[in-house]
Number of protein chains: 2
Amino acid sequence: VTKPFSDRLAAAVRDKNSRLVVGLDPHLHLLPPELTDGISSDDREGLAGAAKRFCVEIVTAVQESTVAVKPQVAFFERLGPPGYQALEEVVEAAHGHGLLVISDGKRGDIGSTAQAYADYHLGDGGGPAALGADCATVNPYLGEDSLQPYESYLDRGRGIFLIAKTSNRGSGDLQDKIVGNGGATTAIYTEVARMAERIGARHELGVSGYGSAGIVVGATYPEQGRALREAFPSLIFLVPGIGAQGAAPEEIAGCFDGDGFGALINASRSVLFAYRDDNADGKSWRDAACDAAVVLRDEINAVLPPVA
Amino acid sequence: VTKPFSDRLAAAVRDKNSRLVVGLDPHLHLLPPELTDGISSDDREGLAGAAKRFCVEIVTAVQESTVAVKPQVAFFERLGPPGYQALEEVVEAAHGHGLLVISDGKRGDIGSTAQAYADYHLGDGGGPAALGADCATVNPYLGEDSLQPYESYLDRGRGIFLIAKTSNRGSGDLQDKIVGNGGATTAIYTEVARMAERIGARHELGVSGYGSAGIVVGATYPEQGRALREAFPSLIFLVPGIGAQGAAPEEIAGCFDGDGFGALINASRSVLFAYRDDNADGKSWRDAACDAAVVLRDEINAVLPPVA
């Protein structure tokens, strides 16, 4: 019997005393020159190889301070077939270090199409080889039935995060719209949180009371994060937006529960490309990433509510 | 100077007297046995090769009766690197027949991530090779700024379709929610239509008055399609849901304008796998698909409003 994803995650957070997720976004123009020197800008094989080497070494560098890595699928898809080859090897490397992997594809479709996405991102044997991540981000816009193909994976230790309130400026265009709900009114992103709550409740909850369907809540909207935390005690939050996107660590304090769990904080560029910072002091890109992850882990831990 | 996507599409509709799009959804278990015989269920290279051969021959079989093909990216992604290899070769084959290609990935993300998706699906040179479709479906849930990376492509003859009202039963969970809008109330899917209208209006409209940002409207919701048609004269509709998903051709009549333009009707399984129908009369799978596409093209043309 596999433990629920929420328990697997809670165990990793406890063991490492970390709530940090490092996003693997291999921006080609930001990669260390030593990895891309001599590779032509139209050489997909070469570029995918560089992206893979970069991500695999980053995974090694941050493995002690991070509970999970989050490959951003777009940067791999951008490189076509060799990009997916790189993606699969990066996931394998992360698993080799005992890290959880969140496949950040934000896929959303219906029926057999959604099933194909679920089977690739979370698939774990049976049929063609798959990416086999522990968890995937999904887009809820097509409705609760569109996420049904993911549900059987929740019984097999996998998780999903529904994008609810994203970190960008324009996230309010649809997500903040206020809708009636039996006399009360709620925002669309709250409707998404309810959807995640319903999905999680259909499967085994972890010992912590959390379900294996969580939500994405941008760190750039701390008030909404705090309100959602209070209203939805069974939802784990995946929180992007600190570092390069502008939010400070103290802004994510409200996303945690009284035990210092309940949220994972994602940083991508501020860790990956720390070697480019003015204060990188000539560190290697590996060391700069390692150090940036440690600092961020500690900054996050410093804002946790005191344990009750 | 490249013509706007809406004009390229209008020309193809006029030349072929067809509003049919054939969706390329290579369900592995529905492929003709002659293509998959002897291929192990875990042989991704072999399966991707079968999917590619199937799609390429379908494209050839339906090329005269269809204006565009719509590869469903999920089925290719399911097969990892060789799946993307197949996808790219299918797109190339379709372009070789002069067909427009709609990449159906429904991607949605922000900033540089959305840029990577746009560059792969619509990219046309510069940097690494890309899929280079003429048009892509996109998910609007992350807001109007999340679609900005696609906009430069609208000036280069490419198009996007924002998913507004999808064909599944659960599409109403979020899409039908009623929100206030300056005194009036509208559904979320109408807000998406407004978003598409704004995006299209920022770029050159076609001579027909249509923009190059359209919306996806499920054939299974004919009343909503008719209301959207009346309210948004500049939006081209991509309409899935006839055939295997249950809608009849007469239900999509309201999606067209008085000139028989303004909508593309997508059919996937009912064309692709017509050879499996009881009334296929022993036709080859190629002939069955060819005939099914011709019949569907004519059924669609038969429900068009009389030209004013």
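## A loop residue with positive phi

In this predicted model, B:Asp281 is found in the loop that connects α11 (269-272) and α12 of chain B. The phi angle of B:Asp281 is near 55 degrees, a positive value in a residue other than glycine. With a relative accessible area of 68%, B:Asp281 is exposed.

In chain A, the loop between α11 (269-272) and α12 (285-302) holds A:Asp281. Phi of A:Asp281 is positive, near 55 degrees, and the residue is not glycine. A relative accessible area of 68% makes A:Asp281 exposed, because the class of exposed residues begins over 50%.

Helix α12 of chain B spans residues 285-302 and includes B:Asn301. The relative accessible area of B:Asn301 is 19%, and the residue is therefore buried, the limit for that class being under 20%. Leaving aside residues up to four places away in sequence, B:Asn301 touches B:Asn17 and B:Arg19.

## The barrel of chain A

In chain A, eight strands close into a barrel, and their order is β1-β2-β3-β4-β5-β8-β9-β10 with parallel pairing. On average, neighbouring strands of this sheet are turned by 30 degrees against each other, direction ignored.

Strand β8 (residues 213-217) of chain A runs parallel to strand β9 (residues 237-239) of chain A, and two bridges join them. A:Val216 has A:Leu238 in β9(A) as its bridge partner. Helix α9 (residues 188-201) of chain A packs on the sheet and touches β5 (159-165) and β8 of chain A. The direction of this helix makes about 165 degrees with that of β5(A).

## The barrel of chain B

Chain B also contains a closed barrel of eight strands, which runs β1-β2-β3-β4-β5-β8-β9-β10 with parallel pairing. From one strand to the next, the twist averages 30 degrees.

Four bridges connect strand β4 (residues 135-138) of chain B with strand β5 (residues 159-165) of chain B, and the two strands run parallel. Opposite B:Ala136 stands B:Ile160 in β5(B). Helix α5(B) packs on the sheet, where it touches β1 (20-24), β2 (68-71) and β3 (100-107) of chain B. Between the directions of α5(B) and β3(B) the angle is about 145 degrees.

## Packing of α3 with α5 in chain B

Helix α5 (residues 80-96) of chain B also packs with helix α3 (residues 44-62) of chain B, at an angle of about 15 degrees and with the axes 9 Å apart. The two helices α3(B) and α5(B) are therefore roughly parallel to each other, since angles under 35 degrees fall in that class. Their crossing is right-handed.

On the side of α3(B), the contact is made by B:Arg44, B:Glu45, B:Ala48, B:Lys52, B:Cys55, B:Val56 and B:Val59. The residues contributed by α5(B) are B:Gly80, B:Pro81, B:Pro82, B:Gly83, B:Ala86, B:Glu89, B:Val90, B:Ala93 and B:Ala94. By class, the contact of α3(B) with α5(B) comprises ten nonpolar, two polar and four charged residues.

## Packing of α9 with α10 in chain B

Helix α9 (residues 188-201) of chain B packs with helix α10 (residues 222-231) of chain B at an angle of about 35 degrees, and the axes lie 11 Å apart. The crossing of α9(B) with α10(B) is right-handed.

From α9(B), the residues B:Tyr189, B:Thr190, B:Ala193 and B:Glu197 meet B:Gln224, B:Leu228 and B:Ala231 in α10(B). The contact of α9(B) with α10(B) consists of four nonpolar residues, two polar and one charged.

Technical notes:
Residues are numbered from 1 along each chain as its sequence is written. Chains are lettered from A and ligands numbered from 1 in the order in which they are written. This is a predicted model: local features need pLDDT of at least 70, side-chain atom pairs count only at pLDDT 80 or more; totals for chains, interfaces and linings use all residues. Side-chain values use heavy atoms; hydrogens and water are left out. Axes are lines fitted to C-alpha atoms, for helices over the stretch in contact, and angles run from 0 to 180 degrees between N-to-C directions. Angles under 35 degrees count as roughly parallel, over 145 as roughly antiparallel, 65 to 115 as roughly perpendicular and the rest as oblique. A crossing is left-handed if the near helix is turned anticlockwise from the far one by less than a right angle, and right-handed if clockwise. Contact means heavy atoms within 4.5 Å. Ala, Val, Leu, Ile, Met, Phe, Trp, Tyr, Cys and Pro count as nonpolar, Asp, Glu, Lys and Arg as charged, and the others, Gly among them, as polar. Buried means under 20% relative accessible area, exposed over 50%, partly exposed in between (1.4 Å probe, protein chains only). Two strands pair if DSSP finds at least two bridges between them.
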